[in-house]
Amino acid sequence: MSASDYSSALGLAAAVVLLCAVVTLWRRSLGSIVRVLAVQGLALACVAMVIGIDQHDAGLMVVAVLVLAAKAIVVPTLITRVVRHDPASRETQPLVNVPASLVAAGALTFLAFAATRSVTLLVPTTAGRLIPLGLAAMLVGFFALVTRRKAVSQIVGILLVDNGVALVAFLATAGVPLIVELGASLDVMLAVVVLQVLATQLRARHGSLDLDQLTELHD
Amino acid sequence: MSTVFHLTGVAVASGVQVVAIAAGGPVLVGAMRKVRCRLEGRIGPPILQPLRDIRKLFRKERIRPDQSTWIFPLAPVVLVATVAVAAAITPLVTTEPALGSSSDLFALVYLLLVGSTLLALAGMDAGTAFGGMGSSRAVTIGALAEPALLVTILALSFTAHSSNLPAIVRATLADPGSLATPQRLFALGALLIVIVAESGRLPVDNPATHLELTMIHEAMILEYAGPDLALVTVGEAMRLTLLLGIFVNLVVPWGMSTSTNVVGIAVGLVALAAKVAAVGVALAIFEVCSAKVRLFRLPELLAGAFVLALLGVVSGLVVR
């Protein structure tokens, strides 16, 4: 792979990760948000694969396949199941309206760009320059987390943050050790399973997944 | 002597571009209508029907509202004139149009805006409720689309380090790899949304409707009749074609003539017609599949275009 091919492929994949994070703020239906999340997992796997191929690192390629399986297939399938069983949570109800969230996402992207200035100087590689995109995806995930009130949208927010962290890890360290990535991915899968159980319990107790109802005490 | 030949060639190329846009515009509109009709299971009017309609309108009597001022007859003329000037200086058939150095994207945007603004004023000029409503909606959409468009231009100008349209196209031809960069892809996505919004196509405005609650552009030009209406129709069709032409040449610049000889211009013309027809048909198919967005949800769509362009700018700063 030539240097320019490598840098444009890596840049494209990393930019798609950030784009997917922003699109989750744009779309209203949870079904399409979960599909966007799957695309984000795919783009993340591409980032790992491109770095792996460039550095002839078989371990990183295995990690890429694992990321693909976990974040692009298993996790979205699990969330889709929750959404399908709960008709009330098909649409997100953001506390901040969509145009304002999008503008906030743009501002967060610039914030990430300004904040990572010194970090990108420390990692003067092609991958290192893309770190702002990962941090921006993470910040957008945090934003989704604080402005969405449905349990499922909060899971999506956590996953966005996790994908952002994973992207920064891939770009900054040129590949994390297999065991660390395995731990992180399994951790997230476990979290999704726990949240699924929690969501089922919530629905059974309160009849909805609206987290605002948890502010009142029940017997 | 060679300078004279060159200047003549450049002038001929620009003339060809204006004629192609003026004649091709109504045909493109007719073709898009035909595609939509066919997909909806109807036969639809012939592709050349818009041209016949325009000819019919030009023969009709000139009727203007009693209370209207000089703005009303001026707006259609200015609309057609600004689009024609823009068509002459943008790289459509050749990468070296006349006055190419002044073919800056910012200048083009505001040149086209002169026509839209006058049309919005003319909508209010007659003093009817519909005209005012249509103008207000059209201006709202324009105001929402403008920031997205300006940031898009910024993202597009990364490759050539210039917002000059011929320079961007030439830089893309010299380095096709720049097409696959995220800044270019995001900017083109945003540009497509803005073009759809500015030219009043679905999902922003339904060009086929006369339902009073939903029409935007049709409400604005409701008072026009006869030759004035013909000019407005021609102007709108030309603007759609010009915007799509600029878009396709940013996506696939190949086929454009880099010289101004006869063969080059002919090849460029055929390439332009094929590319614009392809994207027009794709747009028509998309229109059949999509529903009109509620007016109050339009800010979401255009804010999406704005953020897409913004991501393009950020990617342009990071990816090198």
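The model is predicted: local features need pLDDT of at least 70, side-chain atom pairs count only at pLDDT 80 or more, and totals for chains, interfaces and linings use all residues. Residues are numbered from 1 along each chain as its sequence is written, chains are lettered from A in the order in which they are written, and side-chain values use heavy atoms, with hydrogens and water left out.

Select the residues in contact (heavy atoms within 4.5 Å) between the two chains: 21 residues come from chain A and 22 residues from chain B. Together the chains bury about 2,000 Å², 80% of it on carbon and sulfur atoms; this is accessible area (1.4 Å probe) lost on being put together, summed over both parts.

Next, select A:Arg28 and B:Glu300. They form a salt bridge, with the closest N and O atoms 2.3 Å apart; the term requires a side-chain nitrogen of Lys or Arg within 4 Å of a carboxyl oxygen of Asp or Glu. The count between chain A and chain B is one salt bridge.

Now show helix H1 (3-26), helix H4 (98-115) and helix H7 (131-147) of chain A, the elements that give two or more residues to the side touching chain B. Helices are DSSP runs (H or I, at least four residues), numbered from the N terminus.

Finally, go to B:Asp228 in helix H9 (residues 226-251) of chain B. B:Asp228 is buried, at 2% relative accessible area (buried means under 20%, with a 1.4 Å probe and protein chains only). Beyond its neighbours within four places in sequence, B:Asp228 contacts B:Arg62, B:Arg64 and B:Pro76.

Conventions
Buried < 20%, exposed > 50% of the residue type's maximum accessible area, 1.4 Å probe, protein only. Buried area = accessible area lost by both parts, 1.4 Å probe.
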